[in-house]
Amino acid sequence: MRPFPSAAPFPYDAPNSAALFDRARAVIPGGVNSPVRAFRAVGGTPRFMATGHGPYLTDADGREYVDLVCSWGPLLHGHAHPVVLDAVLRAAASGTSYGAPTEGEVALAEELVARAPVEQVRLVSSGTEATMSAVRLARGVTGRSRVVKFAGCYHGHVDSLLAAAGSGVATLALPDSAGVTATETAQTIVVPYNDRAALTAAFDRFGDEIACVITEAAGGNMGVVPPRDGFNGFLRSTAHAHGALLIVDEVMTGFRVSRSGWYGLDPVAGDITTFGKVMGGGFPAAAFGASAQVMAHLAPVGPVYQAGTLSGNPVATAAGLATLRLATDDAYARLDATSAALRAEVAAALTAASVPHVLGVAGSMFSVFFTDPAVTPAVGDYEQARTQDATVYRAFFHAMLARGVYLPPSGFESWFVSTVHDGAALDRVVAALPAAARAAAEALEGAPA
Ligand SMILES: *Cc1c(COP(=O)(O)O)cnc(C)c1O
């Protein structure tokens, strides 16, 4: 790896990123192709990235960062891993898309089926497509229309799932985005995460109209908020008692927190499971899967239509397969150890600076909530996640960025490590932490950071 200039703050302005951001804003709304990249939650200039190697990113101004975002989860083995790269280059050299079946898709499907509680999968190109198709399949199988989702869980930008809780528990959901009609969310019921009574109330009221409950296997999109012990099992038994299906969304956790995803840590099988992120190895590939009986409802075998021009793309499947083949038990043990070491360092630095915080942990995924542990010892739902102090995260984030550590640009996101985050990468993070913790402490006191 290339040498890092020093642990001291480097010049913090980013003129090349700023110029690119100006160009981008002229032709791309907000200058970005996915909103959180715009740094709205933390302010400042989003860094335009030029290259990635191993655990490091280099921006358009030539500054190197330890990457703790890992493309929002997919890069289980860091940037440009030689084995993944070799698989990608070989596949691309043989043609990039055929619109006809290939052996690579079969091999990737076999790998998914061997790891996760599904008998068959259908490959798609994004997590959004996977959850959208899973909900359609659940509706097709049950002949029902209502969907239960949890506040703070994100399942991609599917219209019916971009819904916010109504004014009371077990009431009809309201659109969470302009352009989503009340008609589309009227079939969606939003309940608080980890709230068994609210789920029971929803089924008491709408039981025989509910097609499915969809949940993140472990919450990762409101910061990391794992399910309480037995919660996923409760979802499964409650859904089944009413003839509904459980969709477990493993797009983030799948093949990230264990070789079988969250299922490997908390073995509650969904009737339908969705995958994405890691299984594409940095390329657009995702999937949904279920028993052969449920999957037989899909076209061309059954009546539920679902399709995709680039589904099972040979370059994406090669990247995904190479990524998963490197994802051995040993690799997961390393991820867990790296994450635990990082969490301990973060907690120690924040404690030393007297910054109240709570860690949310799900396997090797974690996030830092700047919230008072005396009030919220463990964040269990979206309402509690929202008690965090965004100005403190903002100060912490920028102090880390200035010292060469790239954190998620929002306090509602998971931090991710890779199998190639080694001692040298961790050392850089550790070197940056005390100053960042002090910046957080100053923000907490309202002093200028
Ligand atoms: C990222 C994510 C999605 C959406 O996946 P995209 O590939 O961004 O469409 C869906 N569900 C969960 C749990 C996710 O984390």
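Start by selecting the ligand together with Ser-126, Gly-127, Thr-128, Tyr-154, His-155, Gly-156, Glu-216, Asn-221, Asp-249, Val-251, Met-252 and Lys-277, the residues that surround the ligand (a residue is near a molecule if one of its heavy atoms lies within 4 Å of it). The model is predicted: local features need pLDDT of at least 70, side-chain atom pairs count only at pLDDT 80 or more, and totals for chains, interfaces and linings use all residues. Residues are numbered from 1 along each chain as its sequence is written, and side-chain values use heavy atoms, with hydrogens and water left out.

By class, this shell holds 3 nonpolar, 6 polar and 3 charged residues (Ala, Val, Leu, Ile, Met, Phe, Trp, Tyr, Cys and Pro count as nonpolar, Asp, Glu, Lys and Arg as charged, and the others, Gly among them, as polar).

At Lys-277, a side-chain N or O atom is 2.7 Å from an oxygen atom of the ligand. At Asn-221, a side-chain N or O atom lies 3.1 Å from a ligand oxygen atom. Tyr-154 uses its backbone: one N or O atom there is 3.3 Å from a nitrogen atom of the ligand. The protein covers 82% of the 380 Å² of accessible area that the ligand has on its own (Shrake-Rupley method, 1.4 Å probe).

Now select helices α6 (residues 196-206) and α7 (residues 231-241); helices are DSSP runs of H or I with at least four residues, strands runs of E with at least two, both numbered from the N terminus. Their axes are 11 Å apart at an angle of about 10 degrees (lines fitted to C-alpha atoms over the stretch in contact, with angles from 0 to 180 degrees between N-to-C directions). The two helices are therefore roughly parallel (angles under 35 degrees). Arg-196, Leu-199, Thr-200 and Phe-203 of α6 meet Phe-231, Phe-234, Leu-235, Thr-238 and Ala-239 of α7 (heavy atoms within 4.5 Å).

Finish with two backbone details. Go to Pro-300, in the loop between α8 (292-295) and α9 (314-326); a cis peptide bond joins Ala-299 to Pro-300, with omega about 10 degrees. Then select Ala-80, in the loop between β3 (64-67) and α2 (82-93), where phi is positive, about 50 degrees.

Terms used:
Polar contact = N/O pair within 3.5 Å; in protein donor to acceptor, adjacent residues only side chain to side chain. Parallel < 35°, antiparallel > 145°, perpendicular 65-115°, else oblique.
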